[in-house]
Amino acid sequence: MRYHLGQAPELDNCFVAAGLNSIGLQSAGGIGRVITEWIRAGHPPSDLWEVDVRRNHPFQRNRKYLRERVSESLGLLYATHYPYRQYDTARGVRRSPLYDRLQAVGACHGEVAGWERPNWYAPERDRARYEYSYGRQNWFEHAAREHRAVRERVGLFDLSSFAKFRFQGADAARVLNHVCANDVDVRPGRIVYTQWLNARGGIEADLTVTRLTRDDYLIVTAAATEVRDFHWLQRHVPTDAHCVLTNVTSAMSVISIMGPNARALLQSLTPDDLSHEAFRFAHSREIELGYALVRASRITYVGELGWELYIPTEFTAGVYDT
Amino acid sequence: MATRLPRRASVIVIGGGVIGCSVAYHLARAGVADVTLLERRQLTSGTTWHAAGLVGQLRTSINMTELARYTSELYLSLEAETGQATGYRRCGSISIATDEERLEELRRSASMAKVFGLEVNVVTPADIAARVPMLHTADVLGGIHIPSDGYANAVDVTNALARGARAAGARLFENLAVTAIRTARGSATGVTTEHGDIDADCVVLCTGMWTRELAATVGVNVPLHACEHYYALFESVAGSCATTTPAPTTNTTRAGSSSAPSNPTPAPGAWRASPRTSVSTRSPAVSSISSRSSNRPWCASRRWSPRDSRRSSAGPRVSRRMCAITSARRPNSTTVSWRRG
């Protein structure tokens with residue numbers, strides 16, 4: 001269990017150092033020192049991501065969630081700390097529209113930031129649960145088969161837990177170009193993979209930025225850093241800048257189709273031209289898929305040919321069934 | 001009190017436990033002027049007062065281990081610096097394993113510790129028995145020994161930090177409750193107390209169990225929920241250190257881990273024992289506790305005060321000897337730690 005430390009993202013000049021959970025005495029010296037340095041320098045003196053208050057998500061102050069989850073996590077403090085250990089309590093808090101469908105085909109979901117995400121798939125649905133060990137765990141062969149399937153044929157990933165932000169306004173490009181290490185003043189329809197750096201050149205965020213129109217950007221980052229990344233950009237918007245940052249994580253689900261056969265699979269489902277000449281890497285546009293209009297971004301997380309499909313939430317099940 | 005209350009501070013630290021006092025200490029010692037700490041009752045009266053006092057250093061990452069190691073180093077010098085005894089003893093710690101997977105976990109953490117530059121020795125059951133003679137080691141598979149771990153008196157450490165903070169110019173107020181955090185234009189600007197407002201450039205919430213509620217008043221999210229810990233209080237144990245007790249449960253699944261001071265001579269020390277380490281107790285008082293119902297915590301579940309010497313619900317007259325038991329969700333993983341009071 002990790003304590004809570006650092007500058008509160010919601011309120012300037014407000015710091016937190018609490019929730020020490022039986023390690024207060026052995027941590028107090030270090031905490032006093034880093035809080036002092038943090039206050040004086042305006043930034044943490046070292047990598048303190050694991051205890052930074054910005055890891056917390058708004059829903060986690062829900063008291064029912066807290067009561068049930070801490071009753072388990074406190075006990076786990078002294079239990080064997082298996083790799084990939086999942087919680088039993090307070091599960092199913094954030095579920096993509098595909099949750100039930102994927103569970104029906106053998107998904108073993110793990111949890112990050114409240115999101116249920118398929119970590120691996122079992123061939124028999126009733127075996128889709130972790131058997132913990134310090135050695136090779138029961139999912140290993142299934143992950144190997146998945147790897148080969150994606151590498152040789154095609155696979156489907158539910159990446160709905162991606163944090164997604166819209167950054168819009170006449171000054172959006174200028175502000176974003178100041179925050180991003182890479183140049184994002186690109187033509188609409190281009191995707192830029194970039195980092196957000198601090199004043200010391202250290203990486204604060206690692207994400208993609210897609211220019212939708214001249215004054216409209218879609219930023220996609222990890223589920224775990226939703227709060228942290230949102231506040232980093234928010235904090236760097238000048239007060240007189242004409243732009244608005246909106247969290248649209250819940251507005252879209254993401255289905256990723258990856259593998260050498262990705263184009264063949266998707267082309268059979270859309271009249272739009274997905275050929276390499278017509279749809280190059282790091283480009284993004286709307287396409288028709290099934291009955292829906294989805295944003296298809298040709299980018300990859302796994303090193304294969306493929307597209308991330310950004311689908312308005314209510315269309316997701318239909319697209320999946322297609 | 002009202003006349004002495006400052007009208008402004010550079011940094012207001014809310015909460016006078018070990019964390020708040022350490023923050024005030026470090027700020028003041030770094031040369032930050034006008035540091036003000038506000039504690040609504042007495043220093044340590046939140047949750048610091050009942051800390052078991054263990055000062056371990058090995059954490060799951062190099063940066064966290066570095067913070068813990070710095071803390072240990074600080075406690076070494078705190079008494080000389082402030083004139084306030086801390087009770088800090090660098091007796092070392094031993095974490096033991098009674099099943100293979102726990103042993104694997106301990107071995108991995110020892111490997112990590114080597115990378116972090118923290119001395120950790122993998123030890124055999126024979127090593128452990130030699131270092132902790134009263135420990136029953138028949139079911140111990142091995143463990144790790146961290147020579148620079150130790151224990152301290154949490155209240156004394158906090159008072160030492162408070163002294164050091166005051167000596168460096170910080171002002172610490174007890175019996176002064178913050179009733180609100182003041183804000184303007186998206187920034188904290190100070191606090192309101194029972195005796196008036198204080199402006200500040202910065203506010204630090206070191207309010208332990210109460211942080212979720214206090215932070216929520218200004219829209220800051222700190223997901224915390226208080227949990228009970230249990231205590232057992234024992235008679236003085238004849239002879240050397242108190243021994244471990246049999247598990248209060250009959251569950252036969254795998255045990256938890258435990259740790260014990262590695263001081264070879266029986267001496268006061270903080271240590272824990274696995275409920276599966278079936279050491280026979282030397283104290284009749286302890287035996288009678290351990291024979292109680294397996295599913296209920298076998299000790300006083302009421303709030304314990306350092307000056308309390310009434311009978312516990314377990315029966316035997318309590319002494320200042322204090323036992324802290326952390327009860328896990330599954331009773332078989334209860335671990336026990338105690339120290340001589």
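User: In E11(B), what is the bridge partner of A:Cys14?

Analyst: Happy to start there, keeping in mind that this is a predicted model. Strand E2 of chain A, residues 14-18, is joined to E11(B) by 3 bridges, and the two strands run parallel. Within that pairing, the residue of E11(B) that partners A:Cys14 is B:Val203.

User: How many residues does chain B bring to the contact, and which residues of chain B lose the most area to chain A?

Analyst: Chain A gives 60 residues to the contact, and chain B gives 66 residues. The two chains bury about 5,400 Å² between them, with 61% of it on carbon and sulfur atoms. On the chain B side, three residues lose the most area and together make up 12% of what that side buries: B:Leu67, B:Asn221 and B:His225.

User: How many residue pairs are in polar contact between chain B and chain A?

Analyst: Good one to pair with the salt bridges, whose count between chain B and chain A is 0. For polar contacts, counting pairs with both residues at pLDDT 80 or more, the number is 27.

User: Which element gives the largest share of the side of chain B that touches chain A?

Analyst: Several elements of chain B each supply at least two residues to that side, including helix H1 (18-29), helix H2 (62-82), helix H3 (100-116) and strand E11 (196-205). By type, the residues on that side divide into 31 nonpolar, 22 polar and 13 charged. The largest share, 8 residues, comes from H2(B).

Definitions and conventions:
Residues numbered from 1 in each chain as written. Chains lettered and ligands numbered in written order. Predicted model: local features only at pLDDT ≥ 70, side-chain atom pairs only at ≥ 80, totals over all residues. Heavy atoms only, no water. Contact = heavy atoms within 4.5 Å. Buried area = accessible area lost by both parts, 1.4 Å probe. Salt bridge = Lys/Arg side-chain N within 4 Å of Asp/Glu carboxyl O. Polar contact = N/O pair within 3.5 Å; in protein donor to acceptor, adjacent residues only side chain to side chain. Helix = DSSP H or I, 4+ residues; strand = E, 2+ residues; numbered from the N terminus. Nonpolar A, V, L, I, M, F, W, Y, C, P; charged D, E, K, R; others polar. Pairing = 2+ DSSP bridges.
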